[in-house]
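User: I would like to go through this structure step by step. Could you take my questions as they come?

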Amino acid sequence: MLNTLKKYPIPAICLLVAVMLLPNLELLQVSIMEARNFITAREMLTYNHWLLTTMNNVARYQKPPLPAWFSAFSGILFGEKSLFAMRLPAVLMVMLSGSFMYYLSRTILKGRTHSLFNALILITSFYVIGITFEAPSDIFTHAFMLVAIYYFFKLLSKKSKAWKHALLAGTFLGFSILAKGPISIYALLLPFLIAYGFSFKYKNIKQKALHIISAILLGLAIGGSWYLYVKLQDSSTLDAITTRETSTWTGYNTRPFYYYWSFFTQSGIWTIPAFISLLYPYLKKRVSHYKAYKFSFLWTITAVILLSLIPMKKSRYLMPVLIPLAFNIGFYIEYLFRKFKTLKDKRETVPVYFNFGLIGLLGVVFPIAMYLMFKTELQDHLFNFILASIVLFTIGVLILFQLKSKNIKSVFLLTVLFFVSALVFVIPLSEAFKNETFKSLSTLNEENQKRDIKLYAINYIAPETIWDYGAVIPEIERKDKAYIFPNDKRFGILVNAMSPENEDEIRSKYNMKALGEYDLNHFGSTSNQNNPRLKSIFYILEKK
């Protein structure tokens with residue numbers, strides 16, 4: 001199996017991502033960041049807002065349009081109402097990230113096996129997958145930046161094809177900026193350039209200066225083109241949005257400097273290998289390619305330090321660190337491949353047995369633990385539960401047997417397979433815990449068209465609600481502490497929360513009739529995933 005993977009590494013990486021993510025692509029609940037992107041894509045198709053982008057028909061210049069463009073084009077192919085279509089481009093970005101982790105590793109390390117395992121570590125790191133659903137713009141900007149970094153590395157280290165590498169580096173740098181602004185320049189490219197300088201040195205830099213400057217200018221030109229267009233077409237709105245967004249970076253969600261220093265836990269199943277790979281004094285004498293290890297270590301640590309300097313911190317901002325971290329973890333895994341069978345020191349063997357033994361044990365106990373804890377919920381989903389149990393139990397047993405035989409290559413591949421299988425077979429079990437009051441707004445749009453009424457929002461409506469409704473829901477604004485109602489004699493309103501004073505104001509002018517409650521939470525009221533903002537009530541108002 002390993003020989004086949006080594007022979008066709010890129011198809012293998014892409015196929016693994018496809019098997020891992022595509023079967024259940026429509027099952028997971030739409031996140032708020034996804035909803036914003038999907039609404040923008042839908043309004044590109046509906047209103048032709050390809051450049052002056054909107055959300056709920058209101059200017060949305062907070063994020064550049066490239067991810068929404070991809071979703072819109074996917075919507076053209078597979079249907080603009082299809083959640084599969086909207087999410088597919090983010091999955092392609094995971095494939096792109098894995099592929100170029102392989103290419104970059106192969107260029108530096110020369111070996112296929114080590115490079116392939118770096119790529120497999122990246123695409124099975126927990127938050128690399130999580131970010132594709134939580135904040136899809138991030139996977140776009142960092143995937144494109146990884147491609148740009150690959151070509152920057154080629155440009156800096158190779159003598160031939162300099163202009164080709166400069167052109168490609170600049171193009172993908174521009175794509176990264178068009179995906180989420182310059183964030184990846186700071187979080188991924190700058191740490192790379194610092195680490196490269198300390199590890200490989202900038203040789204013949206004068207001869208390559210023109211190529212490097214050209215690549216950077218090309219990237220800025222491509223990435224800045226949309227900002228320039230919006231500035232020329234809608235300057236006042238862009239300035240207001242920019243001022244508001246800039247203020248959040250210093251005054252919103254601030255955290256202490258050390259907030260990110262548990263970053264290695266975001267690699268999920270690779271948490272312990274990630275931690276050990278960061279023990280530089282321990283590993284530097286054991287790796288087969290010291291200079292490359294120094295490079296990946298500095299790239300990782302520098303990225304964390306730079307992100308820690310920014311007062312505003314969120315866990316998802318750490319996602320780019322997982323890219324060099326995957327490279328770094330690969331050195332520890334490669335060391336285990338070579339030496340684990342001969343290791344005698346328990347300080348080196350115990351963490352390996354604990355990490356992979358725990359994963360194997362999780363597979364073995366999964367059927368029993370799930371059934372004991374959720375016997376009632378699983379009754380209507382026994383086929384999916386039995387299938388997941390058989391697969392995870394079998395892989396768990398195989399991991400334990402291979403670990404006992406000290407066959408770390410097999411243990412590693414089985415661990416990757418365990419992660420993939422968990423996503424494929426366990427996610428469908430989430431349907432067993434589906435919210436008993438779940439009710440979509442997907443049919444409300446058609447019903448309102450039959451009633452010949454327009455729908456408006458009062459106070460606040462979540463982006464997920466607007467996406468689910470399938471059309472724009474204009475917001476009724478307040479001025480001088482009073483609502484500015486539309487001229488329609490009869491219309492609908494969707495309300496998430498309304499004070500008694502708000503209701504009294506509405507009832508003083510309209511007859512108000514509640515026709516339905518809608519709850520988009522996929523999990524019930526007892527779950528900590530149940531969010532009140534995803535609940536709304538539909539009223540019809542008629543003038544008195």
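**A buried valine and its surroundings**

Analyst: Val-304 is buried, with a relative accessible area of 0%; buried means under 20% relative accessible area, exposed over 50% and partly exposed in between (1.4 Å probe, protein chains only). Please note that this is a predicted model, in which local features need pLDDT of at least 70, side-chain atom pairs count only at pLDDT 80 or more, and totals for chains, interfaces and linings use all residues. Residues are numbered from 1 along each chain as its sequence is written, and side-chain values use heavy atoms, with hydrogens and water left out.

User: Which helix does Val-304 lie in?

Analyst: Val-304 belongs to helix α15 (residues 290-308). Helices (H or I, at least four residues) and strands (E, at least two) are DSSP runs, numbered from the N terminus.

User: And which residues is Val-304 in contact with, leaving aside its neighbours within four places in sequence?

Analyst: Those residues are Tyr-260, Trp-261, Phe-263 and Val-321. Contact means heavy atoms within 4.5 Å.

User: How far apart in space are Val-304 and Leu-188?

Analyst: They are 9.8 Å apart, C-alpha to C-alpha, and 116 residues apart in sequence.

User: New topic: Glu-334. Buried or exposed?

Analyst: Glu-334 is buried, with a relative accessible area of 13%. Its place is in helix α16 (residues 322-339).

User: What does the side chain of Glu-334 make a polar contact with?

Analyst: The partner is the side chain of Arg-338, at 2.8 Å. A polar contact is a pair of N or O atoms within 3.5 Å; within protein, one must be able to donate a hydrogen and the other to accept it, and residues adjacent in sequence count only if both atoms are side-chain atoms. Not counting residues up to four places away in sequence, Glu-334 also touches His-114 and Ser-288.

User: Now the helix pair. At roughly what angle do the axes of α4 and α8 cross?

Analyst: The axes of α4 (residues 66-78) and α8 (residues 136-157) cross at roughly 105 degrees and come within 9 Å. Axes are lines fitted to C-alpha atoms, for helices over the stretch in contact, and angles run from 0 to 180 degrees between N-to-C directions. That makes α4 roughly perpendicular to α8; angles under 35 degrees count as roughly parallel, over 145 as roughly antiparallel, 65 to 115 as roughly perpendicular and the rest as oblique.

User: Which residues make that contact?

Analyst: Leu-66, Pro-67 and Phe-70 of α4 meet Ser-137, Phe-140 and Phe-144 of α8.

User: What comes just after α4?

Analyst: Gly-79 follows there, with a positive phi of about 110 degrees.
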